[in-house]
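Please look through the structure below and follow the description from a single residue out to the whole assembly.

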Protein chains: 2
Amino acid sequence: MNETWVAGAETRFPLSHLPYGVFSRESEPPRVGVAVGDSVLDLGALAGQGLLEPVADFSAPALNSFMAAGPDAWRATRARLVELLTTEEERTGVAEALVEADAVRLHLPFAVADYVDFYSSRAHAENLGRLFRPGSDPLTPNWLHLPIGYHGRAGTVVVSGTPVVRPSGQIRPPDAERPVFRPSARLDIELELGFVVGVGSELGSPVDADAAPQHLFGAVLVNDWSARDIQSWEYQPLGPFLGKSFATSIAAWVTPLEALEPFRVPAVRQDPEPLPHLRAAEPTVFDLDLEVGLAAAGMREFEAVSRTSARNLYWTVEQQVAHLTSNGTNLRTGDLLASGTISGPEPGARGSFIELSWNGAEPVKLGDGRRRTFLEDGDEVVLRGRTAGAGGFALGDVRGAILPARGDG
Amino acid sequence: MNETWVAGAETRFPLSHLPYGVFSRESEPPRVGVAVGDSVLDLGALAGQGLLEPVADFSAPALNSFMAAGPDAWRATRARLVELLTTEEERTGVAEALVEADAVRLHLPFAVADYVDFYSSRAHAENLGRLFRPGSDPLTPNWLHLPIGYHGRAGTVVVSGTPVVRPSGQIRPPDAERPVFRPSARLDIELELGFVVGVGSELGSPVDADAAPQHLFGAVLVNDWSARDIQSWEYQPLGPFLGKSFATSIAAWVTPLEALEPFRVPAVRQDPEPLPHLRAAEPTVFDLDLEVGLAAAGMREFEAVSRTSARNLYWTVEQQVAHLTSNGTNLRTGDLLASGTISGPEPGARGSFIELSWNGAEPVKLGDGRRRTFLEDGDEVVLRGRTAGAGGFALGDVRGAILPARGDG
């Protein structure tokens with residue numbers, strides 16, 4: 001790939017990435033942009049100049065119109081952007097549509113339709129099984145047969161950087177007979193990889209695994225914040241609800257699926273073999289190195305507390321799509337499919353504090369001597385992702401700082 | 001209240017109801033209407049004539065704009081509609097905006113934001129507990145302390161009359177070691193009452209029970225179709241997913257909360273008393289008689305298989321709102337809050353076939369000698385609701401017919 005003349009692309013948002021997002025400057029309305037180097041390229045401005053085919057409403061405050069335009073439009077737009085950013089021909093016009101990244105505010109990149117959270121990392125499921133059902137099989141009987149998932153709250157998906165107020169909720173203290181209402185004392189993260197649906201499907205027409213990539217627009221890192229004490233009291237028999245619904249943070253920049261294609265690697269061999277409706281010709285996952293960073297109040301930098309990989313996903317996003325639609329359910333533009341917490345088999349590769357601290361029994365030690373079981377007020381968390389190997393690119397990161405509970409700080 | 005001059009209002013959609021919906025005629029685009037007697041009143045046309053204050057976009061294909069306008073706009077619009085429909089002054093203009101109900105197609109009345117399904121009928125929760133956890137307490141330890149709920153799929157909420165294709169899914173047959181993929185053999189209904197949020201709330205600001213009615217636009221009957229065999233294999237540990245997500249039917253007509261206010265009755269006394277964040281000054285439920293009707297293929301009329309009442313709800317919708325927002329979660333225009341299956345203590349008052357047939361052990365006998373445990377292809381179900389006592393009105397009903405599974409008919 002040729003070099004771009006845009007500054008900063010060698011260190012940040014190279015030409016091989018070109019993620020999409022929604023930005024605004026000062027009092028201007030939010031609109032669609034692409035991150036390149038130290039800049040954001042205003043697609044509405046480009047289209048206005050006649051430099052970019054208006055395949056979608058690039059002046060909209062969300063990517064949904066472009067996401068719905070489909071793979072041909074995505075490919076053509078990306079190819080044209082590479083052309084504009086590497087040749088001199090239209091440089092003056094393109095430069096006019098470039099905005100300094102540090103001068104913009106980033107918004108939630110797309111309107112979320114339904115948010116589904118899966119449970120697709122085997123090490124994570126086994127860790128939680130060992131913690132909560134000691135002595136029995138760590139995996140429930142269904143786990144190896146289907147990608148377990150449930151619906152989360154779409155309305156509280158927020159963009160990276162949004163502070164997270166510690167939720168209060170009904171909690172039953174250990175050995176207490178009755179619950180109390182109080183701030184969560186077991187506030188946690190979940191490191192996840194999410195895919196967003198571009199092209200919807202018809203109610204009644206399942207999408208098989210091999211057709212799934214035609215529907216997927218791109219990927220974002222996801223932090224599915226979790227209040228473990230609220231969750232453990234509420235979740236029987238219908239699953240997590242208020243323990244999760246207060247906030248789910250996603251990256252501001254959506255990495256196009258096309259940018260990730262070179263990083264597909266074969267998925268782990270599944271045993272037992274899945275039923276035919278969940279099979280793919282060549283199941284793959286993405287070779288992305290992932291990291292959880294924590295900065296306690298007063299720390300100048302994030303300290304890595306977990307390093308793992310998206311290769312640790314047992315069920316692929318294509319299988320998740322096949323499962324989700326197998327009963328006739330349709331996909332809609334903006335559906336967010338998150339992987340569930342990604343953990344590796346090693347203790348340092350766990351994607352949540354409940355696993356890292358083994359349910360509080362083994363506090364995580366930070367470099368300055370502090371210890372963490374769960375998150376404290378003032379902690380800031382960052383999730384980072386990067387394509388494995390030399391070259392490649394970093395995904396948009398996901399940050400969030402913990403504010404004290406309402407009426408509590 | 002004065003009489004209206006619109007025909008049919010003495011038997012169908014009287015002036016005390018005036019529910020809102022979305023309708024279309026022939027090739028015209030869908031728009032907002034009100035049901036009155038044998039007619040639908042076109043609110044966009046009325047506003048266009050200057051007869052109705054344009055407090056919202058009445059030419060939109062969804063009620064969301066009007067729902068977001070808030071209680072003052074709702075009250076003023078309703079009062080003006082009563083005025084227009086009872087006086088002679090503007091009769092010519094109003095008559096021009098009336099469309100024959102039989103000539104219109106009805107659409108999903110609002111765009112669903114998040115769909116939350118609760119579990120608020122005590123008899124229903126106890127029945128399922130007895131069926132699935134015999135010998136132990138029929139209620140889980142949390143049930144009496146909070147209104148259990150979970151997120152369902154917003155994208156598959158469909159309008160009354162939409163046929164329901166029997167879903168296929170992964171099912172583990174009794175005594176089998178491995179699951180199979182096949183059409184559901186235990187397709188069921190759930191009779192529920194749903195409330196739709198008009199005015200949203202701010203992230204981080206809980207809405208207490210006494211403030212909840214200011215946010216609620218109106219009510220619809222809900223049929224939360226359920227495939228029990230898919231559900232029972234998938235639902236541990238994260239709750240129902242594909243066993244529910246294939247379709248949820250709601251009435252085409254949304255009954256304004258204002259029309260239901262005269263039918264509030266005190267809720268059952270809750271013991272133990274809920275924690276303070278779930279208390280209301282005077283907890284009430286709605287005195288609505290509810291009925292499930294079934295028409296097997298070839299039957300000319302629906303036969304009532306269950307008769308119950310919305311009084312059987314232990315947790316009120318106001319408490320559901322208080323619970324849902326207690327962790328800081330915000331409400332959005334279009335959020336649908338459904339009650340969960342409504343069952344009474346008597347066997348004939350159960351709101352699902354899994355209860356009516358006691359998990360298949362006691363088939364429901366139909367008048368023509370047929371028996372039902374779960375639904376068969378060709379069956380049609382109607383949910384009906386009516387305000388208790390003389391006068392009053394019938395809520396919009398919810399119908400759905402079962403089509404054979406894909407590739408199976």
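A:G135 sits in the loop between α5 (122–132) and β7 (149–152) of chain A. Helices (H or I, at least four residues) and strands (E, at least two) are DSSP runs, numbered from the N terminus. A:G135 is exposed, because its relative accessible area is 89%; buried means under 20% relative accessible area, exposed over 50%, and partly exposed in between (1.4 Å probe, protein chains only). A:G135 and A:A125 are 10 residues apart in sequence, and their C-alpha atoms are 15 Å apart in space.

This is a predicted model, in which local features need pLDDT of at least 70, side-chain atom pairs count only at pLDDT 80 or more, and totals for chains, interfaces and linings use all residues. Residues are numbered from 1 along each chain as its sequence is written, chains are lettered from A and ligands numbered from 1 in the order in which they are written, and side-chain values use heavy atoms, with hydrogens and water left out.

Consider chain A as a whole. Its secondary structure comes to 9 helices and 26 strands. The C-alpha atoms of chain A fill a box of roughly 70 × 55 × 35 Å along the principal axes. The radius of gyration of chain A is 21 Å, which agrees with the value near 22 Å that a compact globule of 409 residues would have; the radius is taken over C-alpha atoms, and the globule rule is 2.2 Å times the number of residues to the power 0.38. Of the 409 residues in chain A, 62% are buried. The accessible surface of chain A is about 15,200 Å², and carbon and sulfur atoms hold 48% of it; these areas come from the Shrake-Rupley method with a 1.4 Å probe, and for residues only the protein chains shown count as cover. Among contacts in chain A between residues at least 6 apart in sequence, 72% join residues at least 24 apart, where contact means heavy atoms within 4.5 Å.

Which residues of helix α8 in chain A are buried? They are A:V317, A:E318, A:Q319, A:Q320, A:V321, A:A322, A:H323, A:L324 and A:T325. The helix covers residues 317–325 and is mostly covered, with 9 of its 9 residues buried.

Next come the sheets. In chain A, 5 strands form an open sheet with mixed pairing, in the order β9-β26-β25-β20-β21; two strands pair if DSSP finds at least two bridges between them. The edge strands are β9 (164–165) and β21 (303–309) of chain A, and each pairs on one side only. Strand β9(A) runs parallel to β26 (residues 398–403) of chain A, and 2 bridges join them. In this part of the sheet, A:V165 stands opposite A:L403 in β26(A).

Chain B has an open sheet of 5 strands in the order β9-β26-β25-β20-β21, with mixed pairing. Here β9 (164–165) and β21 (303–309) of chain B stand at the edges with a single partner strand each, so one side of each has no neighbour in the sheet. Strand β20 (residues 288–295) of chain B pairs with β25(B) over 8 bridges in the antiparallel sense, and B:D289 stands opposite B:R386 in β25(B).

Strand β6 (residues 115–118) of chain B points B:Y115 and B:D117 one way and B:V116 and B:F118 the other way, and all are buried. It is joined by 4 bridges to β7 (residues 149–152) of chain B, running antiparallel, and by 3 bridges to β22 (residues 336–338) of chain B, running parallel. B:V116 has B:H151 as its bridge partner in β7(B) and stands opposite B:L337 in β22(B).

A search of the whole structure finds 22 aromatic pairs over all chains. Rings of Phe, Tyr and Trp (its six-membered ring) pair if their centres lie within 6.5 Å; planes under 30 degrees apart count as stacked, over 60 as edge-to-face and the rest as tilted. B:F263 and B:F393 form an edge-to-face pair, with 5.9 Å centre to centre and 90° between the planes. This pair links distant parts of the chain, 130 residues apart: B:F263 lies in the loop between α8 (257–260) and β18 (264–266) of chain B, and B:F393 in the loop between β25 (380–387) and β26 (398–403) of chain B. Both B:F263 and B:F393 are buried. In chain A, one aromatic cluster is formed by A:Y20, A:F58, A:F66, A:W74 and A:F217.

Finally, how are the chains related? A rotation of 180° with 0.0 Å of shift along its axis superposes chain B on chain A, with an RMSD of 0.0 Å. That is the relation of a two-fold axis. Copies are superposed by least squares on the C-alpha atoms of residues with pLDDT of at least 70 in both. The same surface serves both copies, as 100% of the contact residues of chain B recur in chain A. Of the residues of chain B, B:G239 comes closest to the rotation axis, at 2.1 Å (C-alpha).
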